Amino acid sequence: MDWGMKNRMSRIFKPETGRTVMLAVDHGYFLGPISKLENPKKTIEPLIPFTDALMLTRGILRNCVNHEFQIPIVLRVSGGNSIVGKELSNEEIITSVREAVRLNVCAVAFSIYVGAEFEHQTLVCLSKLIDECEDCGIPVLAVTAVGKELEKRDARYLSLACRIAAELGARFIKTYYCEDFEKVVESSPVPLVIAGGPKMDSEVDVLKIAFEAMSKGAKGVDFGRNIWQSSHPVAMINAIRSIVHEGANVEKAVEIFNKTKEGNI
Ligand code: R5P
């Protein structure tokens with residue numbers, strides 16, 4: 001790995017722990033202004049001090065994130081679909097690598113849809129993006145998207161999707177936590193971070209998933225809705241940080257959540 005690639009990876013995965021707490025706020029690229037992300041600037045700013053890397057599109061980066069922030073950026077560069085369109089898997093590269101360089105990003109993110117109608121298109125686009133990004137020393141994060149088919153999130157499917165992404169050259173992968181998650185980890189030669197998915201009813205359940213994933217070999221989380229749709233987003237991300245970076249168990253993380261919440265943040 002060349003210096004630029006290593007440097008970008010180490011800005012995302014903190015050298016002290018080799019782990020990361022990423023914050024995903026890229027949902028608008030196909031979901032529009034979903035709940036609690038209507039005003040991205042207002043949602044993002046209080047969470048910045050607790051975030052290792054921010055995942056978003058160029059439009060939200062330019063318009064809603066202060067350029068003076070020292071936060072590493074993971075730029076979503078796939079899209080072309082919408083929640084009201086016919087087929088979610090119909091994504092292509094929507095932002096050039098030149099633009100990613102101009103925006104001084106640490107990585108770019110691209111979704112693949114293994115087993116879906118546009119599987120081939122997304123895998124070929126990922127490979128082309130990786131060819132170009134490797135030239136510039138920019139890591140590519142592959143996202144194993146499942147569209148509306150949440151039942152696809154089992155170890156067999158996710159191992160297949162993660163392994164394909166790694167074989168095509170992704171430097172790290174965003175996937176889902178599932179039963180037997182250690183099998184997904186074993187089948188991928190590159191680090192995995194987990195998505196949170198739709199908001200869960202209980203904050204404790206979110207912390208349990210973060211804890212289980214980290215215990216089974218994940219290198220971090222890239223949560224969105226379960227942080228900023230929480231009634232206490234700062235408390236939530238702070239509790240997640242304690243699991244990822246300090247090895248806290250669920251009980252300890254709940255304690256940290258409650259203490260941060262009592263501080264009214
Ligand atoms: C999909 O909408 C995006 O790629 C999100 O970044 C991803 O789903 C993670 O966010 P969440 O934790 O809300 O699922």
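Biologist: Where does Asp180 lie?

Modeller: Asp180 lies in the loop between β8 and α8, where helices (H or I, at least four residues) and strands (E, at least two) are DSSP runs numbered from the N terminus. Residues are numbered from 1 along each chain as its sequence is written. This is a predicted model, in which local features need pLDDT of at least 70 and side-chain atom pairs count only at pLDDT 80 or more, while totals for chains, interfaces and linings use all residues.

Biologist: Why does Asp180 count as partly exposed?

Modeller: A residue is buried if 20 or more other C-beta atoms, placed from the backbone, lie within 10 Å of its own, exposed if 12 or fewer, and partly exposed in between. Asp180 has 14 C-beta neighbours inside 10 Å and therefore counts as partly exposed. Lys36 is partly exposed because it has 19 such neighbours inside 10 Å.

Biologist: Which residues have the most contacts inside the largest nonpolar core?

Modeller: In soluble globular proteins, nonpolar side chains tend to be buried together. A nonpolar core is a set of buried Ala, Val, Leu, Ile, Met, Phe, Trp, Tyr and Cys residues joined through C-beta atoms within 7 Å. The largest one here has 88 residues, and Val74, Val108, Phe110, Leu141, Ala210 and Ile240 have the most contacts inside it. Helix α11 (residues 233–246) gives the most to this core, with eight residues.

Biologist: What is Phe110 in contact with?

Modeller: Two residues are in contact if their C-beta atoms, placed from the backbone, lie within 7 Å. Neighbours within four places in sequence aside, the contacts of Phe110 include Val77, Ser78, Cys125, Leu126 and Val143.

Biologist: How many residues of α11 are buried, and what covers them?

Modeller: Eleven of its 14 residues are buried, making α11 mostly covered. Among them are Met236, Asn238, Ile240 and Arg241. Their cover includes β1 (20–24), α9 (203–215), β10 (220–223), α10 (225–228) and α12 (250–262).

Biologist: At what angle do α9 and α12 pack?

Modeller: Axes are lines fitted to C-alpha atoms, for helices over the stretch in contact, and angles run from 0 to 180 degrees between N-to-C directions. For α9 and α12 the angle is about 135°, with the axes 10 Å apart. Angles under 35 degrees count as roughly parallel, over 145 as roughly antiparallel, 65 to 115 as roughly perpendicular and the rest as oblique; α9 and α12 are therefore oblique to each other.

Biologist: Which residues meet there?

Modeller: Glu203, Val204, Leu207, Lys208 and Phe211 in α9 meet Val250, Ala253, Val254 and Phe257 in α12.
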